[in-house]
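Have a look at the model before reading on.

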Amino acid sequence: MSKQTVHVIDVESGNLQSLTNAIDYLGYNVELIKTASQLDKCQPERLILPGVGNYGHFVDNLFSRGFEPSIHKYIQSGKPIMGICVGLQAMFKGSVESPTSTGLNYLNMTLSKFNDTSKPVPEIGWNSIIPSDSLFYGLDPLKRYYFVHSFAAILKDKSVENDLIEQGWQIAKTKYGDETFIAAITKDNIFATQFHPEKSGVAGLTIIDNFLKQKKSVALPHYSDEEQKQLTNDYTNYGLTRRIIACLDVRTNDQGDLVVTKGDQYDVREKDGNKNDVRNLGKPVELAQRYYEQGADEVTFLNITSFRDCPLKDTPMLEVLRLAAKTVFVPLTVGGGIKDIIDVDGTKVPALEVASLYFRSGADKVSIGTDAVYAAENYYANGNKGDGSSPIETISKAYGAQAVVISVDPKRVYVNNPSDTKNKTFQSIFPDSQGRTWCWYQCTIKGGRESRDLGVWELIQACEALGAGEILLNCIDKDGSNSGYDLELIEQAKSAGKIPVIASSGAGKPTHFEEAFNETRADACLGAGMFHRGEYTVNDVKEYLLNHNFKVRMDRI
Ligand code: 1PR
């Protein structure tokens with residue numbers, strides 16, 4: 001039997017690879033539609049309108065390509081359409097994000113920004129749907145879905161919701177901190193989700209599958225009382241589960257093979273006897289798949305050495321991303337070498353283009369290390385402002401802040417007095433060998449090889465202002481030690497800004513995750529060595545947390 005075709009509108013303003021992979025995985029053909037006339041001509045049976053990034057950028061692009069009348073015509077034909085993320089937002093009248101732009105106006109409501117004084121913004125993570133009588137397409141209040149957005153259809157008063165319901169809309173709501181917003185909506189042939197089903201594991205694939213099969217009312221799975229108790233959202237973490245991230249440090253070994261490695265304080269070579277090989281802990285795509293199956297909420301790939309003498313388009317990491325994204329349906333981050341580069345043929349390639357190659361291969365976020373430090377230094381030298389040219393600014397502008405992670409590689413430095421450094425100090429409860437308690441965290445570049453006169457606190461303030469959406473907070477002192485995270489570092493990073501912070505370096509057992517979530521405001525915890533060595537699975541960590549009253553995503557129950 002030949003496969004059915006699903007048409008996806010592509011205005012070239014984001015990563016469609018993940019969605020394409022998800023539809024393909026579900027057994028359909030995917031055809032991208034780049035022009036309105038193509039849409040008019042091909043008469044789709046199923047149409048998907050995905051969007052990421054800035055609202056205005058997306059809807060203006062849609063309108064300038066003449067899509068508006070064609071989409072209206074399609075919707076009038078009664079055939080099913082599904083909007084995703086900014087694709088849902090485009091169904092509304094407008095957004096405060098882009099006051100001069102207008103949407104498709106199926107819902108007479110303007111999107112607003114989350115209040116960031118009470119919670120991290122953007123919302124990044126796995127949230128749930130509030131139970132209600134009118135759930136649709138298999139939305140399950142005990143499952144979790146992946147959200148990443150700063151703007152939403154926030155239901156500020158009941159009358160807005162009542163109006164929409166009166167107009168025939170069914171609404172699925174989600175609560176993020178103190179605000180409730182529209183997570184999914186449907187009326188007749190229109191269906192749209194604010195979350196990314198293509199990045200929401202098995203739960204998300206089920207939603208896409210139900211839409212493609214047009215199964216609007218679906219019986220939900222049966223859960224035991226114990227499962228219900230464990231999986232019901234308790235809103236202790238703004239509504240988000242505790243995110244567990246598996247990280248793969250990838251490099252070529254001395255034989256030229258691409259391997260996952262793991263260092264001790266960034267030294268990735270074996271230390272036994274005469275052997276000084278790069279530690280080989282497995283193959284990147286295989287491990288990514290394994291961690292996805294174990295329940296990792298995200299997978300991060302860090303290219304920890306540049307692939308010398310290799311044209312950018314053939315960088316092995318692109319192939320790793322391409323392959324991993326075919327079967328791993330949670331967010332993928334890639335870092336290492338996201339900067340302006342000179343290709344082997346002498347061509348200058350801007351960081352935005354390097355990042356675009358990764359996004360087109362299936363990455364959802366890029367992580368910037370060395371170049372973020374340079375950008376922060378320039379920000380301060382420039383009177384606390386960017387000049388628009390840093391990779392953080394260019395990538396964030398094109399793909400949205402949520403797509404830009406800053407990877408920080410700090411070392412703790414003790415001083416006699418806070419006045420000994422221009423960087424922000426704090427008093428540690430762990431004195432150094434000289435009894436000093438004042439310290440700061442110094443940023444390094446090039447994988448810890450060079451230290452700079454810039455603190456983590458200062459780095460985060462600058463990068464957030466430049467448009468970064470998240471911090472991946474490593475710690476050279478703790479890296480590979482299995483002794484737990486540097487909790488003081490996490491708190492200092494959290495105090496520097498509003499964007500989410502991923503704690504990294506030092507995880508050795510499940511209690512370390514519990515410690516970080518209990519004693520700091522970490523938004524996510526990342527582990528590497530303990531998973532690669534097989535000491536614990538991601539699921540072990542999640543079950544432990546679940547049994548200690550933390551909400552985590554359990555996709556396979
Ligand atoms: O500077 O933009 O090219 O990015 C380089 C990236 O490579 C940075 O994100 C930097 O952190 C990373 N990197 C560079 N050298 C190393 C190394 O190990 N020699 N890895 C390296 C850093 C950090 C985590 C690590 C955690 C958890 N790795 O990914 O896996 O520390 O480990 P653990 O749980 O086993 O303790 P650019």
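At what angle do helix α14 and helix α15 pack, and how far apart are their axes?

## Ground rules

Residue numbers start from 1 along each chain as its sequence is written. Keep in mind that this is a predicted model, where local features need pLDDT of at least 70, side-chain atom pairs count only at pLDDT 80 or more, and totals for chains, interfaces and linings use all residues.

## The helix pair

α14 (residues 456-466) packs against α15 (residues 487-496) at about 35 degrees, with 8 Å between the axes. Helices here are DSSP runs of H or I, at least four residues, and strands are E runs of at least two. Axes are lines fitted to C-alpha atoms over the stretch in contact, with angles from 0 to 180 degrees between N-to-C directions.

On the α14 side, Val456, Trp457, Ile460 and Gln461 meet Gln492, Ala493 and Ala496 of α15 (contact puts C-beta atoms, placed from the backbone, within 7 Å). That contact has five nonpolar, two polar and no charged residues (Asp, Glu, Lys and Arg count as charged; Ala, Val, Leu, Ile, Met, Phe, Trp, Tyr, Cys and Pro as nonpolar; the others, Gly among them, as polar).

## Where the domains meet

The domain assignment, automatic or from a database, gives domain 1 (5-223) and domain 2 (243-547). Their centres, taken over C-alpha atoms, are 31 Å apart.

Across the boundary, 24 residues of domain 1 touch 25 of domain 2. On the domain 1 side, α1 supplies the largest share, five residues. By class, that side has 11 nonpolar, 10 polar and three charged residues.

Terms used. Two residues are in contact if their C-beta atoms, placed from the backbone, lie within 7 Å.
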